[in-house]
Amino acid sequence: MIDLSIIVKSVYPDISADGMLYLDPGSGSFLLQILIATIAGAGIFIAASWRKVKAFFIRIFKKGQTPTKTKKT
Amino acid sequence: MSKMENVSGSFRDPNGFLFTRGKTLYRQVNKAYQKHYKLLMTSGLYSRLVDDGLLVKHEETSQSPLNQTLAYKVIKPETIGFISYPYEWCFSQYKDAALCTLSIMKHALEFNMVLKDASAYNIQFLNGMPLLIDTLSFEKYQEGYPWVAYRQFCQHFLAPLALMANTDIRMSQLMRVYIDGVPLDLASSLLPAKTKFNLGLQAHIHLHASAQKRYAGKDIKKVVQQRKVSRMAFSGLVNSLESTVKSLDWKPEGTEWAEYYSGTNYTDTAFESKKTLLEDLISIAKPKSIWDLGANTGIFSRVATSQGITTISFDVDPAAVEINYLESKKAKEKHILPLLLDLTNPSPAIGWANEERLSFKQRAPTNLTMALALIHHMAISNNVPLPSLAEFFSRLSRYLIIEFVPKEDSQVQRLLVSREDIFPNYHQEGFEDAFKAYYRVIKALPIPETKRRLYLMERH
């Protein structure tokens, strides 16, 4: 039988020393979470990158156009 | 010296616990939690959450702790009038409680903290809105570490909500059986196949259940050490849970009671008269809090709340409770709390030593109980003898407003259509005799254009 406390201590060395961690995160839940979080995190990264790329091209595109509004002084 | 005792449901967390002194509730914060508590209070997270109505307010007190050796501080949380449980929530209440938890988690991350638990029992409704009542649920975020409460969130929130939305609304009652949330393998087997095509449910329920089964008893130490969860990945996980919860929906339709009022024999005059009479009776008793039993969508509960009286509006029908809650949310009502309750089998005391979660009766007393158009369902549909009903109501509150519906009423006739009339004592005199053993009648009024009577009674 797996000793979950060893796993938990390996992941949470200082917190478990405080006796803080009182929930059993579950080994399968832990592993699956790492997988989902990695994919979901990559999703956020891709979405953020895509926004940057889009903003870059919009800037380029706008530079090529005559400004329609002049700044009021 | 006033009586002190631990609150029975508050024992799991070594960081502190709830206790009562006299009639006041306190929370002891233990030394083990000191650095996390300080961070919560000084980082700005506490103020942000309290300002947003997501966390219960508290004040630090000079009260002596219950356990001196462990203690760091004693705090006094704001009082929650009525503690409700997940199996008493309608779909939208449950969904709002889940979203409240995730919203707190997102705020916490901004302040370098995380939720170290995600128990549905930590969420309560105050002034119509869900909020976290456990001040000790936060800990310092450490880059790379996964969310320790992920499994608990899926079991306490996502699985029940997915089952309510996709299998049957009554699946919320599984929470009454499983104190730490619905086991994911059970949820996975009960959910229809179509949910495997929902990315969020596939990942957080179905795959999650398979992973639990596959890795039970296996050494994953090396994998866990090598793979860390970045802050972005952590946020991605929380966002994914949030969008999955938001995608779940349930519409109240086709249940027995949702259209009850359109099917009653009340004329408009009778209906309005009943409201006026009720208003008068409530004014005589002047209660601070009311339990309205069999409240349907809360029309008569609102006669009480319009007088500023906090009212818990119980009904057995998930659709009626859903309609009631959505209405209270839309109108931003602060005094009403709609809840699901089967009076013929009220919420029992559950959990460790049968003391973790209180039964319906243990959460009494209130000041006044309303039982309108209810007695025939209890006495005739459920065969409860009238003296037993009177005794039960008398344990809930000092005052009782009860409507007697005689056999001649078409609603009672409907109940007797398919069964033999074995209720020789079910008549006005029998009713009054049974209730007079426990109560004195303050006022009894006939409801115009009906054969029914409304009583205000006070317990002996």
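In this predicted model, strand 14 of chain B and strand 16 (residues 453–459) of chain B run antiparallel and are joined by six bridges, where helices (H or I, at least four residues) and strands (E, at least two) are DSSP runs numbered from the N terminus, and two strands pair if DSSP finds at least two bridges between them. Local features need pLDDT of at least 70 and side-chain atom pairs count only at pLDDT 80 or more, while totals for chains, interfaces and linings use all residues. Residues are numbered from 1 along each chain as its sequence is written, chains are lettered from A and ligands numbered from 1 in the order in which they are written, and side-chain values use heavy atoms, with hydrogens and water left out.

**Strand 14 of chain B**
- I402(B) has Y455(B), in strand 16 of chain B, as its bridge partner.
- Strand 13 (residues 366–371) of chain B pairs with strand 14 of chain B in the parallel sense over five bridges, and L368(B) stands opposite Y399(B).
- Seven of the eight residues of strand 14 (residues 397–404) of chain B are buried, meaning under 20% relative accessible area with a 1.4 Å probe and protein chains only.

**L184(B)**
- L184(B) lies in helix 6 (residues 184–190) of chain B and counts as buried because its relative accessibility is 1%.

Definitions and conventions: Buried means under 20% relative accessible area, exposed over 50%, partly exposed in between (1.4 Å probe, protein chains only).
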